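I opened this entry to record what I looked up in the structure, starting with one whole chain and ending with a single residue.

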Amino acid sequence: MLSSMEKSIAELRETFKNGGTKSISWRKSQLKALLQLINQNEDSIFKALDQDLGKSPVESYRDEVGVLKKSVTYTLSCLEKWVAPKKAEVPLLFFPAKAEVMPQPLGVVLIFSSWNFPFTLALDPLIGAISAGNTVLLKPSDLAPACMSFLVETIPKYLDNKAVKVLAGGADIGERLLQLKWDKIFFTGSPRVGRLVMAAAAKHLTPVTLELGGKSPAIVDTLSTTPSKAKVTAKRIVGGKWGPCTGQACIAIDYVLVEEKLASTLIELLKKTIKRFYGENIKSLKNISRIVNKHQFQRLVNLLKDPNVADSIVYGGSVDEEKLVIEPTILLDPPLDSEIMSEEIFGPLLPIITLKNIEESIDFINSKSNPLVIYAFTEDDTFKKRILSETSSGTVTFNDSMVQFLCDSLPFGGVGQSGFGRYHGKYSFDTFSHEKSIMHRGFYPEIEPRYPPWTDFKLLFLKLAYQFDYFGLILLLLGFKRS
Amino acid sequence: MASEVEKKAVFDIDSAKEVVQELRASFVAGKTKDYEWRRTQLKAMLKMMDENEPQIVAALRDDLSKPELESSIYEIAMLKNSCKLALKKMKHWVMPEKAKTSLATFPSSAEIVSEPLGVVLVISAWNYPLLLSLDPVIGAIAAGNAIVLKPSEISPATASLLAKLVANYMDSSCIKVVEGAVPETTALLEQKWDKIMYTGNGRIGRIVMAAAAKHLTPVVLELGGKCPVIVDSGINLQVATRRIIAGKWGCNNGQACISPDYIITTKDYAVELVDSFKCELERFYGKNPLESKDLSRVVNSNHFARLLKLLDEDKVSSKIVYGGERDKSNLKIAPTILLDVPQDSLIMNEEIFGPLLPIITIDKVEDSFDLINSGTKPLAAYMFTNNKKLKEKFVEKVSAGGLVINDTTVHLAEPTLPFGGVGDSGMGAYHGKFSFDTFSHKKAVLYRSFAGDAPLRYPPYTNGKLRLLKALLGGSILGIIRALMGWSKA
């Protein structure tokens with residue numbers, strides 16, 4: 001007796017097997033339907049995001065709705081190009097031969113999304129999976145329940161139910177899903193759960209993409225340039241920390257590295273900017289999300305419990321447990337062995353670490369595991385080159401924060417503990433495809449030396465052939481080379 | 001100079017830890033990132049092969065009774081080509097790739113930079129013990145990594161030779177060979193690597209991936225499967241037969257991941273096909289193939305027993321139409337063809353990896369696609385036909401790592417094609433630039449300037465900003481102008 005979950009998956013497999021997701025017209029129709037879903041339900045989406053995370057419509061548009069619309073539109077315009085086989089060069093030796101690489105769907109894919117960008121992180125991978133011709137089971141996070149419900153109810157109204165399914169539920173559903181065989185699993189979340197996903201995938205030899213996290217640092221070296229650049233730097237840091245879901249984002253700035261002598265300038269600029277963007281204090285806090293739930297709230301509050309950490313607070317620190325709000329908080333040089341400096345913060349607390357010389361930031365970053373992003377505010381070209389060649393991260397963004405997420409031509413993914421695999425733009429299509437090699441040969445001419453019985457002549461022939469020494473081959477065949 | 005660790009009597013978890021620590025120190029010190037270092041190592045590998053060809057051929061003969069030609073061409077020559085290609089192309093491969101930027105991030109410039117992953121583990125197989133060990137190592141070196149190579153203990157002469165040669169020719173502080181069997185491999189798998197590449201079977205592939213999961217280590221698994229050959233009528237049967245023979249018995253006597261495993265042909269064509277095989281097999285290997293020097297032997301008694309089990313199964317042994325002779329003391333089984341074995345026989349349910357070739361017959365050639373797709377996805381699939389429509393259907397319907405039409409196995413020699421599996425035949429790919437890419441992290445880099453800081457990104461959030469954002473993300477200049485002019489709705 002199959003459970004309803006297993007029946008759903010069997011249906012997805014049947015649909016895939018029968019070629020239901022193969023045609024470009026089907027894929028395009030699904031993508032257009034997704035666009036319609038977003039366009040026709042914008043208000044409901046804003047409402048759900050406000051309910052789950054306290055996001056304002058502008059933040060929701062900027063980080064979720066707008067990103068998805070852009071992604072679908074871009075994919076629709078490029079799909080025919082991506083689906084086309086790519087020619088590969090063939091050496092003369094194999095003439096006449098044709099070689100190409102053709103992308104093919106993997107089959108039935110499982111997408112796990114996270115609670116902090118419940119639409120983007122669910123639907124952006126979905127766009128990739130559909131464009132590549134797969135059937136999909138989407139498992140949104142139950143920690144953003146209004147968004148999850150919305151997806152469960154609304155997707156079936158717009159997309160092909162036999163090919164795209166959404167399953168509600170918590171960790172137990174996730175575990176059961178992981179026991180089954182998939183052709184690909186795409187996971188966004190924490191490294192801890194990432195390990196469990198990969199271990200489960202290993203049992204079925206299922207390839208995985210893991211979009212994890214880490215402590216994404218911002219190196220600040222532009223405060224002593226011009227006042228306007230310093231201001232823009234501060235705005236981009238504030239925007240990169242508290243802008244995305246009040247710091248609950250894998251690519252949010254986790255901590256800042258700055259030279260000792262510039263720390264106070266930076267802090268003053270940050271304070272001014274925070275007040276202008278979000279209000280004077282916790283009572284008048286606006287334009288900012290809240291913490292997703294009590295568990296995360298408690299975790300963040302606990303980071304500040306350590307008296308040495310609490311002492312380092314230079315701005316903010318107030319919390320409102322009822323509203324699940326923590327005001328933007330800046331810390332100056334908390335102890336490096338404290339939890340706040342060893343765990344990914346994922347919240348509105350910003351440690352500023354001071355260094356004697358900004359170049360020390362490279363060693364500092366390398367003492368921690370590879371982050372998803374390194375942000376570097378600097379105009380020093382030599383320093384930029386050093387950062388690029390001496391650190392390792394998923395991405396490096398110079399002189400800004402967050403915007404690399406909007407670039408469809410840049411692969412988005414981690415390295416080391418921040419994950420592996422990538423997506424966005426064509427990379428989404430590729431991540432859900434198998435690149436199949438194809439070689440076409442003709443029956444003529446035949447190369448006799450391929451076949452036994454082996455002789456010295458054949459050995460010499462093949463040696464020359466493998467070196468593509470066509471001239472040598474001619475000499476051999478004309479009898480001018482001795483074996 | 002081989003370090004203390006490899007000379008220790010037992011290679012245990014502590015030894016493995018030490019090896020990784022040493023390699024990580026070398027990597028962090030920047031030794032392997034250095035472009036000249038990479039070139040030197042690749043040149044040293046070339047020299048290593050040039051100066052030791054007879055020893056390599058001898059080791060392969062010891063381990064597999066591999067004919068000299070197969071060793072010279074399919075192992076040494078292919079490896080040298082791979083090395084030369086890397087030396088020639090590396091300067092292009094290491095260059096950053098420019099990436100386009102859109103209006104949403106204007107003004108900006110972007111690129112994708114290749115960087116080494118760090119310390120990588122290459123676990124290779126016994127059937128092409130030189131090629132499958134060093135070909136991945138070439139990619140790992142070109143990409144700038146430090147490497148541990150664990151060759152297979154089932155080809156011990158080659159493993160020892162590799163250990164000796166690599167220690168003598170290459171930089172031991174960055175490239176090490178660890179010999180051993182299950183305990184040593186387990187010790188290595190406990191460590192944290194930045195990438196693991198494994199060539200072998202699905203059972204061990206699962207173990208490797210599960211071990212990698214503990215450290216979130218990405219993996220490339222080059223596994224196997226039952227590579228089918230569809231034979232249509234109306235072709236040059238002699239050429240087709242010879243090419244199948246070359247891909248089957250000519251490749252380590254069928255013990256190759258991309259060897260034709262079984263044939264599918266129509267009931268009408270089967271007899272002609274079998275006759276063609278009989279004729280060409282005798283031409284290649286003589287009347288007594290057990291005595292032919294041009295065939296590898298079965299690697300060891302375990303595999304010999306395994307193959308006999310497949311052959312001697314009741315409902316299978318009666319289907320032999322050619323061959324079937326065996327010589328236990330020399331671990332030889334003659335090229336054997338079987339016709340219409342039952343679908344539920346052992347031989348049709350596991351990868352044969354040996355000199356037995358079942359032919360399955362069907363009514364129409366088109367039926368073969370469903371038959372293939374009912375099994376797990378193989379590493380390669382082959383089809384001999386002159387029918388254009390059938391070719392198109394084959395390419396479209398059959399999912400496999402790679403496909404070849406009108407030949408077998410040659411795609412392996414094509415460095416512009418990614419070589420790897422899908423589904424049960426594996427994940428990831430290599431060869432040529434794909435090797436370089438598989439051992440690299442492609443880091444995205446975005447350069448922004450301070451000019452053009454749009455206030456609409458920042459709070460306070462207003463309807464006007466929402467309108468503008470919509471237009472900007474929508475990417476249309478007209479939309480932006482309209483939004484700026486206040487002509488569009490929020």
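I took contact to mean heavy atoms within 4.5 Å. The model is predicted.

**Entry 1: contacts in chain B**

I looked up contacts in chain B between residues at least 6 apart in sequence, and 70% of them join residues at least 24 apart.

**Entry 2: make-up and extent of chain B**

I found 18 helices and 18 strands in chain B. I noted 490 residues for this chain, with buried residues making up 63% of them. Along the principal axes, the C-alpha trace of chain B spans about 85 × 60 × 35 Å.

**Entry 3: surface and charge of chain B**

For charge, I listed 61 positive and 56 negative side chains in chain B. The centres of these two sets lie 9 Å apart.

**Entry 4: Ala230(A)**

I then turned to chain A, where Ala230(A) sits in helix H9, which covers residues 227–241. Is Ala230(A) buried or exposed? I read a relative accessible area of 6% for Ala230(A), so this residue counts as buried, the cut-off being under 20%.

Which residues does Ala230(A) contact, leaving aside its neighbours within four places in sequence? I found Thr222(A), Leu223(A) and Leu269(A). I also checked Leu266(A), 36 residues from Ala230(A) along the chain, and the C-alpha atoms of the two are separated by 8.3 Å.

Note on methods:
Residues are numbered from 1 along each chain as its sequence is written. Chains are lettered from A and ligands numbered from 1 in the order in which they are written. This is a predicted model: local features need pLDDT of at least 70, side-chain atom pairs count only at pLDDT 80 or more; totals for chains, interfaces and linings use all residues. Side-chain values use heavy atoms; hydrogens and water are left out. Helices (H or I, at least four residues) and strands (E, at least two) are DSSP runs, numbered from the N terminus. Buried means under 20% relative accessible area, exposed over 50%, partly exposed in between (1.4 Å probe, protein chains only). Lys and Arg count as positive and Asp and Glu as negative; His and the chain ends are not counted. The place of a charge is taken as NZ of Lys, CZ of Arg, CG of Asp or CD of Glu.
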